[in-house]
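Subject: Structure handover

Hello,

Here is the structure I promised to pass on. My notes follow below it.

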Amino acid sequence: MIETPEQKVVDAVIASRRSLRAFLPTPVAREDVEAILEIAARAPSGTNTQPWKAYVLTGASKEKLSLEILRAYNDPEISRQHTEEYNYYPNRWTSPFLERRRKVGWDLYSLLGITRENKAGMHAQLGRNYRFFDAPVGIIFAIDRIMEQGSWLDYGMFLQNVMLAARARGLDTCPQAAFAQFHRIIRDVLQMPANEMVVCGMSLGFADNSKIENTLVTERVPVSEFAKFMD
């Protein structure tokens, strides 16, 4: 197959997308966020249901949500009262997923100098999720509760489009399932209607490339390990 300019651009955008965990305070223009969401909404969805809903937070609104969640997160007794509405991860981990999960976790902690015994360091690093890793834009994504598994598949394609459209504009992102635990706080602060369920959060902004955590590049298994070609 002949490599085309379009292929090179698309491949480069996909390959350069990473979940970054440190952002500059440089503002992102509202029109850029709107453009990202507009093109992302071209994602396919069953019978064009378009199940996505986005709450875009900046400034005081983002700070308020962060503080409310961190207040609960940093109090062990209160934090235990908050649980996810859906299972993002399996109830029982098996190989090879457990090994992959552990590796990426320890790869990150090793870069940050956080040892296995440093529970406080782990807690603080996880808590940075709730500050959107200092990104100027935080997004909370929601879905109507009536939607089923197929719509969640559609939603994943929409989220990928958001991240790729951001990369095409020189921006970076971090999709964050961590927000799902505190859905009750999120719904209260954002005044979400009862029919909506929190899917995840996302940090959006310009990467702070001076931070060591942003040097993390996660591994991918080769095609031969997950694809079977049958003639």
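Val221, Val223, Phe226 and Phe229 make a nonpolar surface patch of about 450 Å². Patch members have over 30% relative accessible area and no salt bridge; like charges are joined within 9 Å, nonpolar side chains (Val, Leu, Ile, Met, Phe, Trp, Tyr) within 5 Å. Areas come from the Shrake-Rupley method with a 1.4 Å probe, and for residues only the protein chains shown count as cover. Phe229 sits in the segment after α9 (223–226). Phe229 counts as exposed because its relative accessibility is 72%. (Buried is under 20% relative accessible area, exposed over 50%, partly exposed in between.)

This is a predicted model: local features need pLDDT of at least 70, side-chain atom pairs count only at pLDDT 80 or more, and totals for chains, interfaces and linings use all residues. Residues are numbered from 1 along each chain as its sequence is written, and side-chain values use heavy atoms, with hydrogens and water left out.

Next, α8 (residues 183–190). Six of its eight residues are buried. They are His183, Ile185, Ile186, Arg187, Val189 and Leu190. Their cover includes β1 (53–57), α3 (59–73), β2 (137–144) and β4 (196–205), with contact meaning heavy atoms within 4.5 Å. Helices (H or I, at least four residues) and strands (E, at least two) are DSSP runs, numbered from the N terminus. Just after α8, Gln191 has a positive phi of about 55°.

Now the salt bridges (a side-chain nitrogen of Lys or Arg within 4 Å of a carboxyl oxygen of Asp or Glu). The structure holds ten. Three are worth a look.

- Glu85 and Arg187: 3.3 Å, N to O. Glu85 lies in the loop between α4 (76–79) and α5 (97–112) and Arg187 in α8, so the pair ties together parts 102 residues apart in sequence. Salt bridges with shared partners join Glu85, Arg145 and Arg187 into one network. Glu85 is partly exposed, at 32%.
- Arg131 and Glu63: the closest N and O atoms are 2.8 Å apart. This pair also links distant parts of the chain, with Arg131 in the loop between α6 (119–127) and β2, Glu63 in helix α3, and 68 residues separating them.
- Glu34 and Arg30: the closest N and O atoms are 2.9 Å apart. The two are four residues apart in helix α2 (residues 30–40), so about one helical turn separates them. Glu34 is partly exposed at 42%; Arg30 is exposed at 64%.

Best wishes

Notes
Buried < 20%, exposed > 50% of the residue type's maximum accessible area, 1.4 Å probe, protein only.
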